[in-house]
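My notes follow in the order I took them.

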Amino acid sequence: MSSSKISKLVYWLLAGVLLISISLGSQPNAVKAADAQPPGVTIQKIVAAYHQTFALDTEGRLWGWGAYDPLIGGLKTPKSIDFFKDKKIKDIAAGSDYVIVLLADGTVWTRTEGGSSKALFEQVPGLSKIQSIGTAPYYAYAVGADGKVWVWNHYGPSHYRFEKPVARNDLQDVVQLSGYYAVKKDGTVWFLGLGGEEPAIPIEGLTDVRKIAVGNLDQTVYALKKDGTVWGWGSGMGSSFFDIVQVQGLEHFVDLAGGGHHFVGLKDDGTVWTWGQNNAGQLGDGTTQNSATPVQVKGLSGANKIFSGFQADHSFAILKDGTVWAWGGNSKGETGTNAEEATVKTPKKVMFAPVAGNAGGKFTITYHGQEGNEIDSAAGNDKGTIVAATSQGLLLSTDYGEKWTKLPLPAEDRFYTVKHAKDYFYFYTYNTNKPKAFWSKDGRVWTPFSVEGAQGPLTVRNIVLLNNQYVMLASYDSEETHVFTSSDGISWQEKSVIPADDVYLVTWNGKRYTAIGGGYRYFGPANQRNQFILDSGSKQAAELIVCTSDDLKDWTMQSGSVKPSLRYTFVVNGVPVQNYDIGLMEESSNGTIKLYDTWGNVLTSKDGITFTLKPEPAFKKIDSRTQVLSNGKQYLIYASLWRDEGVVFTSKDKVSWKAVKIPNIPLGMNVLKSGNKFIGFGKGGLIASSNDGLKWNIKRSALPAQYLEQVIRVNGRYFAVGGEFQSSVPAILSSKDGNVWSRIYQSDRYDTETDAIRSIASNGKRIVAVGGSLSYISADGAKWQKHTVKGGAKLRKVVWTGKVFVALGATLNIDRAKNKYTLYSSADGINWKPLLTTTNPITDIAANGGTVVAVGTKNNKALAMSSKDLKTWREKSFALGKNNPSWKGSMKSASFDYDASVTFENVQWVNNQFVIMSDLIYTSKDGVNWSAVTGSYDEYLQKTPSAKSYGKLIWTGKDYRYYKNNILGISKNLKNWDFYEIDRMYGIKNMIWTGTDLLGVGDDGLIIRIKDKK
């Protein structure tokens, strides 16, 4: 070896990144990790970059932490990234500050900073059928099914410096691409050039290589041979190569990984070794001393995978028990260990919260109320074909609404629209980062299509037929609106961009196109085009957003630009938000455009540029309404007034309007016409049809739409209580089978004084329900009597103790310190006696065998109090969230009359014990002595406890069921849990076990049944 090369090797030795001769010496004692990774999450690969980390689990899910997303800053614990929720990930790789993702469908996606896209990932164009990927600090690689290697710079497609992938023709049979090197199937290593585009050069004298590890900003390389030996070489800032040298003493290695200025090695005995720089704890030995010889990472044994990355000062090891451990730089939380310190000097465990599974594969879910059955959107043609969409599927009629067939949704999503234009039906989703769109000729067979801009798929806002062509409005969230046209309704071409966001209406008056996007409300005068005074009393005005074009190519903004001089009524971060809502009333044959707003005004324009506003007193109380329809004799507008009261406004001249009611349909409907037939869709999923728009035949009856608080089973019947609205108009429903429900108690729909019913209980002979200052009594569940409870408290909960009924009431004040909470007892549910009154918030009660447990908060600690005689109460306090750093911040504002971070919110008697679901699971046989159960429940709610904690529990006879919001958990022992997400379970308030399935009730007509699949 030449003296110059020797001197360079000495330089690398002193730098601590290239080893020539080493002695491992004695090995320190290793501590084996005992804690297993939570059920449901097994990590298979980790990639590290500058201040950020990504991981891929065995289910094909992506996780991220550290500073990978500038919008949310540094995450200290892993977060499941749902961008690819519907698509399985095959592999991931990272460069200096970017990551690429290979999907199972062969497409490649990238995440970089500095692009114009607001999406978390962008698809790399020109790549398909990709089999594997690799990275260098600033370049990325992909290998196709044909073995061809593609290379491109690391920028995303929306970045102005992005360069499209270019194919290399000098490489085949590649098994690894890392840095500017490639490993082939035959074990040879090839240098690809610093730009990844120079001719490949073989590294002479190196064979039988299993893997290479590139670090030190691509200037140092180690090769792991199949015999476990390690060989190294380097280059001085890209100049000449050092000779390949075996690193003496590095033997029995099974894996290598390169970091920013350090390396990691895994031996066949499961120990992990590191060398190089250690200023950020990269070596994991408990010090910050650099080392040119390998040191053993403290506290690790049984490792089977190791990871680091270009420009990363942090590293990871996966142990044989599936746990993940990290050490090194942590200034942005990139270790994922939830550590506060910027340097993690010894390995700490990385906690992956359990991920909710696919509920569809586990349960059969049916809905028996308005939720899941309400018609969210509908459209029809003139030939009797009507398509209506619910969250559970499509309803199709081909005979003008007489008969309906259930069909699956083209795509499942919470937000969608059905439209019809000329020859086609359209279905498109919105409020999602992956919008989808479909077209159909008959409403049965749906074909997907997409319209794309520079940032990927756009969200469709509207599709209409104008001037003998199809016109589509589409946009990204809060950005300008793109205009597409089509001659056949299937193939679309982008025509132009409207210089305004959230434009959702476009019209043609025979001379010009007018695009309208609502507008802005403000305080001040209305002295410019399309500015109007809305309400003289509040001095509110509005400016309409109007853009016009003669050819759909060039647009002129006629009004609606943001003006610094105006005092807008709704501003977020200094930016006005559109809050003036309008709808299309009608387009007249003479080109006149009529709009309506939610203030009872009609806006009219003859030229499509300037609108005039005219108040219409008849429309002043309208909450929602349809466009103008006609039955040939008069014009009709269907509207909903306060509390959903339905009316039809009729007129013969469209000037004078008269409100009439539909006798058999008291609530409002959305109405469309198909041919000469009127089809109406109302609350609770009601469907009706009419020949003249005034006399209606109900084709599908309305299902319950109440806000329900609790359900119980008494003497073979189910009873559910709540209100017609969220907090008022008491309602009691009854059902024999839990599927078909009838309303057996109803008060005045327009009563604003009487509270909804909050709770119900029974002793087998008498049923007692409570809400507000009232109790409701029934012996048979059919006839109910209402009684006033003295004392002024609002009753929240009632239970049967085995001896008497006990109710919890609250008297709330604007000053929370003056709130009072009272417990009452009653033998008959009519006469109530106060037992205890306190200013400490009491949130829930439970009872069994004469023992009552009440929970809440006292002196900034959670409180559980119990009594066997309803006279003497024993208290116990709990400090919550000690092992959950997110607890206090997340829970602080979770309630309006107490601090939820120091409060127990519910207690239940479940499976022969009292149970409190909080930061942990607390159990007690007697209500006095409590034990805390830890496990995957508390791990699951680590990052978002306000959304996942304080749910309720059910015992089925074989396992526990936990529910909160859209989450359903299953456990046999309260320690190990499997969680599932059910989107349409939001608003759930109460569930019971029927003996065969779960029956739950909740907000807005949620009546859900969940049965395990066999």
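**Entry 1**

I started with strand E37, residues 437–440, and found both of its faces covered. Ala437 and Trp439 lie on one side, Phe438 and Ser440 on the other, and all four are buried. I keep in mind that this is a predicted model.

Next I looked up the neighbours of E37. Strand E36, residues 424–429, pairs with E37 in the antiparallel sense over four bridges. Within that pairing I noted Tyr426, whose bridge partner in E37 is Trp439. Strand E38, residues 447–449, also pairs with E37 in the antiparallel sense, here over three bridges. Trp439 has Thr447 as its bridge partner in E38. I therefore have Trp439 bridged to Tyr426 and to Thr447, and buried under the cut-off of 20% relative accessible area.

I then checked the turn. The hairpin of E37 and E38 has six residues between the strands, and Gly443 takes a positive phi near 85° there.

**Entry 1: Phe438**

Is Phe438 buried or exposed? Its relative accessibility is 9%, so I count Phe438 as buried.

Which residues does Phe438 touch, not counting those up to four places away in sequence? I listed Pro410, Ala411, Phe425, Tyr426, Phe427, Trp446, Thr447, Pro448 and Phe449. Tyr426 is in this list, and Tyr426 is also the bridge partner of Trp439.

I also took one distance across the model. Phe438 and Gln746 are 308 residues apart along the chain, and 43 Å separates their C-alpha atoms.

**Entry 2: Glu724**

Where is Glu724 placed? I found Glu724 in the loop between strand E67 (717–723) and strand E68 (730–735). The relative accessibility of Glu724 is 8%; because buried means under 20%, I log Glu724 as buried.

I looked for polar partners of the Glu724 side chain. One is the side chain of Gln706, with a polar contact at 3.1 Å. Another is the side chain of Arg749, at 3.5 Å. Leaving aside neighbours within four places in sequence, I have Glu724 in contact with Gln706, Tyr707, Val729, Ala731, Arg743 and Arg749.

I turned to strand E79, residues 851–858. How many of its eight residues are buried? I have seven, so I wrote the strand down as mostly covered, with buried taken as under 20% relative accessible area.

On the E78 side, residues 842–848, six bridges join the strand to E79, and the two run antiparallel. Ala847 has Val852 as its bridge partner in E79. The hairpin of E78 and E79 has two residues between the strands, and Gly849 takes a positive phi near 55° in it.

On the E80 side, residues 861–867, I found an antiparallel pairing with E79 over seven bridges. Ala854 has Met865 as its bridge partner in E80. The hairpin of E79 and E80 has two residues between the strands, and here Asn859 takes a positive phi near 55°.

**Entry 3: an open sheet**

I also traced one sheet strand by strand. It is an open sheet of four strands in the order E17-E18-E19-E20, with antiparallel pairing. Strand E17 (209–215) and strand E20 (245–246) stand at the edges with a single partner strand each, so one side of each has no neighbour in the sheet. Strand E19, residues 230–234, is joined to E20 by two bridges. Gly232 stands opposite Val245 in E20.

**Entry 4: the whole chain**

Last, I took the overall values. I count five helices and 92 strands in the chain. The radius of gyration is 34 Å, close to the 31 Å from the globule rule for 1014 residues, so the chain is as compact as a globular protein of that length. Along the principal axes, the C-alpha atoms fill a box of roughly 100 × 85 × 55 Å.

Of the 1014 residues, 58% count as buried. The chain exposes about 42700 Å², and carbon and sulfur atoms supply 48% of that. For contacts between residues at least 6 apart in sequence, I noted that 46% join residues at least 24 apart.

How values were computed
Residues numbered from 1 in each chain as written. Predicted model: local features only at pLDDT ≥ 70, side-chain atom pairs only at ≥ 80, totals over all residues. Heavy atoms only, no water. Buried < 20%, exposed > 50% of the residue type's maximum accessible area, 1.4 Å probe, protein only. Pairing = 2+ DSSP bridges. Polar contact = N/O pair within 3.5 Å; in protein donor to acceptor, adjacent residues only side chain to side chain. Contact = heavy atoms within 4.5 Å. Rg over C-alpha atoms; globule rule 2.2 N^0.38 Å. Areas by Shrake-Rupley, 256 points an atom, 1.4 Å probe, with all protein chains shown as cover.
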